[in-house]
Amino acid sequence: MQTAHPPIWPEVLGRFTWHDLPFVRAWENPTASEIIGAGAASLVIIGFVVTVTLLTRYRRWGTLLEWVTSLDHKKIGIMYVVIALVMLSRALVEAVLMRMQQAAAVGNPGFLSSDHFSQLFSTHGSIMIFFMAMPFLTGLINYVMPLQIGARDMAFPWANSVALSLTGGGAILMMVSLVVGRFSTGGWSGYPPYTGLAFSPDVGPDYWIWAVTLGSIGSTLAAINIACTIFKFRAPGMTYMRMPLFCWTSLCTSILMLFAMPALTVATALLALDRYLGFHFFTNDLGGNMMNYANLFWLFGHPEVYILILPAFGVYSEVVSTYSSKELYGYVSLVLATMAIAVLSFTVWVHHFFTMGQSANINAAFGIATMTIGVPTGVKIYDWIWTMFCGEVRFAVPMLYSLAFMITFVIGGFTGIILAIPPLDYVFHNTLFLVAHFHNMLIPGLLYGMLAGYTYWFPKAFGFRLNERWGRVSFGCWVVGFYLAFMPLYVLGASGMARRTHEVFQPEFRPWLYVAGFGALILLAALASLVIQLVVSIRERDENRVFAGDPWDGRGLEWSTSAPPPEYNFAVIPHVGGRDPFYDGKRKGGYYERHAFYDAISVPKNSITGLLLGIGATAAAFGLVWHMWWLAGISVAMSAYALILRSFVRFSDRTISGAEVTETEHRWHAALDAADPTPRQLELTHRNTGLAEISA
């Protein structure tokens, strides 16, 4: 039992004590667990100091301010992806620590305390879902979707900035919890009574509540923006049945977010009322009922699985079609399957608590619904296979991720059918079998898709290709590491090993845990390879420029501009006459229409108010965590001031002159004239300058 420490200057610092600093805890109790915690906090501080030092030394504060105040959907999309990759790094290291602990703790306590281990699985899950997966998919949608529909920006550029700031604020709270205080031990789902005041009176659950609340509000704003952009800003001729599949999955994802995220926000808000004001929504007395929380959370949680998966399905559709040099097979069936998945995703949440006491009839109904949702998913797999059939398939890195996904995802789908049968779920519930299934769906279904999209669209965003060799190394490590890290968990789960186990008492589990631990290390190598690939690609960027903008013989409108695209995206809004307008237009000739002079274009001005609102919300959340009521009050006032200040802005756009647009477009067309069309066999070499050879 931990000793209570008196707060220091409670009127100002709230409930903060010196013992809330990991360095103090490591000094007082120098165990391996505390030293690791202090080391993690040191890395956060060192990373912050190094970033500030580099920005100062190279005088990049102005550039940073320009980016974080930008309303350009492309810059906002890139910043979302940066957040996702940073948080992926932390969450993956935590996963490796958990696997190493379990491998080392067969018959002994291992090197992590049980409390530290519980914090790790809570932060790992929370980060991977809310601050890796959600920013990654939102970033890709932000960057690509407006280009694909022929729009110049999102419907609500300022709201886009606010959504980014709130998501970033939640991620910052997660990182701050490493340096000040502790995190929740209640898991990524935050179930009471584990996160209730009686069970966890410390700051951990409060960090979780406010970080997730900021992220969920940001995601709701992003969803409104995505849906309105697709509904209202499509180019002339871009009917719904001519939209790229990635736009369809983005639309369905945004609708799911609109209906699912409020349930999460309500759940965290009610949990906060329980903890801060003594309400009893989720307690065992005074009318409370914990199952209300379970239903609210999984009303969000299962649609959330498809919020994560559907954008990846859209990426695979784009990648498979492009690298097979074929029109996407079964377009209509893919659209219908996407909509069916979106609808059915709201009918399956009870399968997350088959063992919690509802009737057998209810369990059977939700079990059948869970199996049914596998049908439209199977339709997609078959359509992608038929797209590749008789196509000119090129095995570039995005295509490799797509192929690995199809094989691995089907395996995960089979195990999902097993868990959809209530009697079998009673056997496997709360074991590592469930952990293996969950990761079997989300790693190939989400992470491979996001990495495929990152590799596929990187040249469009930055104007140079990623290094292919290091991309293949990273791909190989992700795939091999996944199979080694998670397939043993099926065996362990079927043998009865519970998930979230800190110490293992069955020596027969040791070989499987060693294999899983080795797989986790290979996944860490995959992340390292991804970083090396980026560093090498930046170093070699001049040799791999693709300014002409079409390195893969792309099909959609996003490939019809320079790489990177100009701020205004399109000098002339395109008119769409088919499902693959750019691909078909190139083959008919004359797609790159030139004008002697272009009209002026209005684009959104930079605005600091979205950033200020996000900073205020984050500071308010930190104040609420530590009961620094003065900080919370001032920060809420700051956010309100930013909102009011924005309401007085009369001129929110700036004009790019016709002369500047003309100069930009003529420079790009000159590059097109100078580029040597690249045949497919050479598209991964230095010969590729962004103009693909047009084949029949």
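In the predicted model, the chain is made up of 22 helices and two strands. Along the principal axes, the C-alpha atoms occupy a box of roughly 75 × 55 × 45 Å. The radius of gyration is 25 Å, which agrees with the value near 26 Å that a compact globule of 696 residues would have. Of the 696 residues in the chain, 58% are buried. Among contacts between residues at least 6 apart in sequence, 81% join residues at least 24 apart.

Two helix pairs were examined. Two packed helices are described by the angle between their axes and the distance between the axes. The crossing of H5 past H18 is left-handed. On the H5 side, the contact is formed by Leu88, Ser89, Leu92, Val93, Val96, Arg99, Met100, Gln102 and Ala103. On the H18 side, the contributing residues are Leu513, Tyr514, Ala516, Gly517, Phe518, Ala520, Leu521, Leu523, Leu524 and Leu527. By class, this contact of H5 with H18 comprises 15 nonpolar, three polar and one charged residues.

The other pair consists of helix H6, residues 114-148, and helix H10, residues 290-324. The axes of H6 and H10 lie 11 Å apart, and the helices pack at an angle of about 45°. H6 and H10 are therefore oblique to each other. Their crossing is left-handed. H6 contributes Ile129, Phe130, Ala133, Met134, Leu137, Leu140, Ile141 and Gln148 to the contact. From H10, the residues in the contact are Phe300, Glu304, Ile307, Leu308, Pro311, Val315 and Glu318. The contact of H6 with H10 contains 12 nonpolar residues, one polar residue and two charged residues.

Helix H10 also holds serine 324. The relative accessibility of serine 324 is 0%, so this residue counts as buried, the cut-off being under 20%. When neighbours within four places in sequence are left aside, serine 324 is in contact with Thr387, Met388, Gly391, Glu392, Val393, Arg394 and Met399.

Definitions and conventions
Residues are numbered from 1 along each chain as its sequence is written. This is a predicted model: local features need pLDDT of at least 70, side-chain atom pairs count only at pLDDT 80 or more; totals for chains, interfaces and linings use all residues. Side-chain values use heavy atoms; hydrogens and water are left out. A crossing is left-handed if the near helix is turned anticlockwise from the far one by less than a right angle, and right-handed if clockwise. Helices (H or I, at least four residues) and strands (E, at least two) are DSSP runs, numbered from the N terminus. Contact means heavy atoms within 4.5 Å. Ala, Val, Leu, Ile, Met, Phe, Trp, Tyr, Cys and Pro count as nonpolar, Asp, Glu, Lys and Arg as charged, and the others, Gly among them, as polar. The radius of gyration is taken over C-alpha atoms; the globule rule is 2.2 Å times the number of residues to the power 0.38. Buried means under 20% relative accessible area, exposed over 50%, partly exposed in between (1.4 Å probe, protein chains only). Axes are lines fitted to C-alpha atoms, for helices over the stretch in contact, and angles run from 0 to 180 degrees between N-to-C directions. Angles under 35 degrees count as roughly parallel, over 145 as roughly antiparallel, 65 to 115 as roughly perpendicular and the rest as oblique.
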